[in-house]
Structures are given as structure tokens and as C-alpha cells.
Amino acid sequence: MPAAPLLEIENIAAAYGQVRALWDVSFAVGEGEIITLLGANGAGKTSTMRVISGLLRPIGGEVRFAGESLRLRPSRIVDAGIVQIPEGRALWPRMTVRENLQLGAYTRRARAHQAESLAWVVSLFPRLAERLTQLAGTLSGGEQQMVAIGRGLMSRPRLLMLDEPSLGLAPKLVREVFRVIRQINADGGVTVLLVEQNVRQALEIAHRGYVLETGRTIRSGPATDLLQDPEIKRAFLGM
Amino acid sequence: MFTTQNLVSVAIAALLTAGLYAVMSYGLAIIYGVMKVINVSNAGFLMLGAFMTLMYFQWWHLDPVAGAVLNLLPFFGAGWLVYKLLVRRVVSARPIATLLLLFALWLVIQNVALAIWGSDDQSIITAYTYKSLIVGGFRLPLTRLIVFAVALLALSLLHFVLGHTYVGKALRATVQDPQAALLVGIDTERISALAFGLGTALSGFAGSLLTLLFSFTPDFGGPFQLKSFTIIVLGGLENFAGVTVGAAVLALTESFAVLFMRASLQNVIAYGLLVVALIVMPGGVAQLWARTRS
């Protein structure tokens, strides 16, 4: 691993009521890395993110962030510097784009830098500048995804978790989203944890990847190795 | 029999009532929106608001409008406590649990009120209770005008808080998508407590205003409660602007119905409208509006 781990996941297990979702997930994310989690539907990628963001309480294992055990309520986890952009964007449809972004900076730490963060988000997605007063529910899918990512950035995270950010977008917008993720990482210095059905593009921008299967981490490696791996090719790249 | 003069005065009376209806329903809408709980105890707090206003009036000759303002803080505290001590523990259980809990709370409040104040009809007569203003040939009872103005002021204030403050926006965000709210760091638990406090404060406030227009007993919250249900269903349950529309629709329907049927049947209109709304347009006026536009 190139850098000191910012996030360490150790033997996480979690369940929704009686239904077990995670059995044994372990991985680490170094400061400044882009890490992608691969796996089929139901492998536990989203559940893993939900554990990290505090929405799902693990029944075993430990999450450490910046060296400290992370057993906090979701609102405190955002304050600590972790933000999750959920699948399906989950904007507030009857609020304006500006309000959606403002609320992204809800935590006290982020609120002080609101104007700066907004300028950064608009520089990443210039198109949002003219949409600020529009209701979020009236935007196109691509624009909604931009707002969702922007809202996450407004909290000034150290770790940005993206769950299927390109889902349902036109190919041109997919490229745009990946370009921005790379930019957020390279220029903004934000560590990224990415879950993507678009495995090839995810591996192209990621430094390393982990493969999950039925709630367990079964493989890991540098993204370039995973891209060449025959098994990965067969399972995720359709080759 | 129906002169224009007649119809206009009915319409004015209806709109004056609508303001009060909106205020007494807003709390219900906010609480439902944030935690998807029907606050049946609202009726109890409405009644308690009225009786506290009577007490202020008897102790200090305090005007009911001042009583309404005075009610805000203690009723906010009471609602906040009800959430922290009771609702929070059952809010994730099946809806019937909170419904029964809050129904029981209503009964407790009602019976405590009966024990303290008895079942006699109470009313507050102020210096202006029987006065009216003549505007453009229409006789407008002063109490209705005052209640309307105060209600309008309260609603404007509420709209400002919900639309322009961080906490108000956080509350609306929690209504529209609670999980997204959690993910940006909004403490939805705190917002819920706040919403219950705010909703209860509005009940206490509305209860005070009701004393300017009606006499009351410990049983009196019920019919108003049902009107509030009708209003928030008409408004679309989670749509705060819809509350105002729902209040206007109900007030107009009730007032014009009186031209055709006995006044004692007025409540039938509210309940009838509730049934019709639930069956024909469960999404309320807002949904109907959206449907006709698309």
C-alpha cells in the first residue's frame, strides 16, 4: 500500500434483521487513493458502504478511520470526514439545487466553508451554475448526479464514497462523471471509495481494487493487475 | 335567496376561517412529514391550549392572542418531551403502536382536564368579542378578523423558518428523504424531537385562537382534529403549501354547504370530504395538480 491507511475495515459482519449481508469483509484505503469494490449484485458492496457511513450497524468487526475506531451516529461520521453518495442520488426533489448543496454543508465544520465549497462544486460542474434556483426534481439524471456528488463534496470530506455514480447515465455523461472523480481525487486530495457496475472504467481510474463475493472479500490487487486478470475479465468485463 | 352579497359574505367568512384551520393543521403535517406519525394527541393539546388561555385570562386578564404567544414555549417543551419519552421508543415499530400510544395520551390529557376543570362549557368574553367591522358593506366580526390576521402572521413566520433557516431546511430535507438527510450529517433524531415540539406548540397556539371563536369543554379537540386530518389529506400529507390549500378547500366547502343544509350537519362535510379525498385523490390537491399538468 502506497500511503498510510485512512480507512481500515476489519472482519466486518452485518445483517438486515435476520438476513445476513456481510460475513467477513476486510480492506484498507490509503490516504489519497481511489479504491474500487467489485462484486456481483448482492455481494455486499452497498452494505459495506452503509456500515462505514453508519446507516447499518455491524454485528462484528471494526471500522477505523484516521487511526480511530469509528462507532458514531451517521451525523457524527459526516463530521469526521466521511460522506456517502448513495445509489439513485437521493436528492430532495422539492428543494432547489442551491438548497440541496447548502444542506450538504450542514455540519458545523463544513458550514464555515460553505461559499468556498460551492465555488469548488460549480467549478467542477459548471452546468450547475445556471441550475441553482431550479428544483432538484426537475433536473435530468446527469444533472441530478452532479448535484449528488456536489452535495457530498460540500461536507468537505476526506473520504468520498460513491455508490454507482454512473447508473442510468448516457455514455458521454458517464465519461464526464469519471473525469470529475479523478479530478476530485487528484486536485482536491480527496480519498475515494468507488462502487461501479462499469467495472472497466472504475478500474481505469482506481489505484487498487477489492473483490467481494457473498459478503466476503476474496481478492485484492492493483487496478492494473485486476484489469488483466482472466477471472475478473470473465466475471465482470464480459470477455 | 342567494344574492351576490350573500355569497361573497359566505366566501369571506370561509377564508377568514381557513387561516385558523391552516394553523391548527400545520403541526399535524410537520409531525407526519418528519416521522410518518399521525399525532392523535394533537386534539388534546389543542384543548389544553384553550384551557391554558382561559387560565391566563382568569389569572392575569391576559388577552387570548397574548395567551397564544405565551403557549408557544411550554407547549414546545411538552411536545419535545412527549417525543423523547414516548414516541421515540415506538416510532420504528408498526404504525398502530404510535397511533394507540398517542390516542392514549389524548385520553389522559382529556381526563386530567376533566378532573381539573369539569365538563362545563367554558368561554372567554373579551371587550371585542361582539364587535364587528363594516368593510365595503360587509359585516365582519372582529374576532374572526383578529384570528385570521394572527394566523396569517404565524403562517408567514413558519414559512420563513422552514424556507430560510438551516434548521428549517433540514426539517424539509428530513421530510423529503430522511436517509439522504442522515447522509449529509443531519441529526434526524434531533429534527424529530424539534418537529414534535413545533407541532405541539402550534396546537397550543391554535387552541388559544379557538377560544376567541368558540366555547369549549375538555372534549372539544376531537372535531377540530378530524378537520385537520381532512386538511392534511387534501393538502397531500407531506406538502406544507398544500396545508393552506386544504384549509381553504375545507372552509369553503363547509361554508357553502351551510347554505344548503342545517349548520349542525357541518361536521359531516369534513368527514365526507376526508373519505372522498382518501379514495379519489390519496395524494391530495398537489397530486391532482401535478396530474392535470403532465
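**A colleague's note on a predicted two-chain model**

1. Residues are numbered from 1 along each chain as its sequence is written, while chains are lettered from A and ligands numbered from 1 in the order in which they are written.

2. Leu209(B) also belongs to the largest nonpolar core, which has 158 residues; together with Met161(A), Leu194(A), Val23(B) and Ala195(B), Leu209(B) touches the most other members. Such a core is a set of buried Ala, Val, Leu, Ile, Met, Phe, Trp, Tyr and Cys residues joined through C-beta atoms within 7 Å. A residue is buried if 20 or more other C-beta atoms lie within 10 Å of its own, exposed if 12 or fewer, and partly exposed in between, with C-beta atoms placed from the backbone. Helix α1 (residues 4-35) of chain B gives the most to this core, namely 14 residues.

3. Now for chain B as a whole: its secondary structure comes to twelve helices and two strands. From the N terminus on, the order is α-α-α-α-β-β-α-α-α-α-α-α-α-α. Helices (H or I, at least four residues) and strands (E, at least two) are DSSP runs, numbered from the N terminus. Of the 294 residues of chain B, 48% count as buried. Along its principal axes, the C-alpha trace of chain B spans about 60 × 55 × 35 Å.

4. In sequence, Met35(B) and Ala195(B) are 160 residues apart, yet their C-alpha atoms are 8.7 Å apart in space.

5. Next, a helix pair: the axes of α3 (residues 64-90) and α8 (residues 188-213) of chain B come within 6 Å and cross at roughly 145°. Axes are lines fitted to C-alpha atoms, for helices over the stretch in contact, and angles run from 0 to 180 degrees between N-to-C directions. The residues of the contact of α3(B) with α8(B) divide into 17 nonpolar, twelve polar and one charged. For these classes, Ala, Val, Leu, Ile, Met, Phe, Trp, Tyr, Cys and Pro count as nonpolar, Asp, Glu, Lys and Arg as charged, and the others, Gly among them, as polar.

6. Where the chains meet, 22 residues of chain A are in contact with 14 residues of chain B. On the chain A side, α2 (74-80), β6 (82-85) and α3 (97-104) are the elements that give two or more residues. By class, that side of chain A has eleven nonpolar, seven polar and four charged residues.

7. Ala90(A) is in the loop between β6 and α3 of chain A, and Ala90(A) counts as buried, with 21 C-beta neighbours inside 10 Å. His61(B) is in the loop between α2 (42-60) and α3 of chain B, and His61(B) counts as exposed, with 8 C-beta neighbours inside 10 Å.

Notes: Predicted model: local features only at pLDDT ≥ 70, side-chain atom pairs only at ≥ 80, totals over all residues. Contact = placed C-beta atoms within 7 Å.
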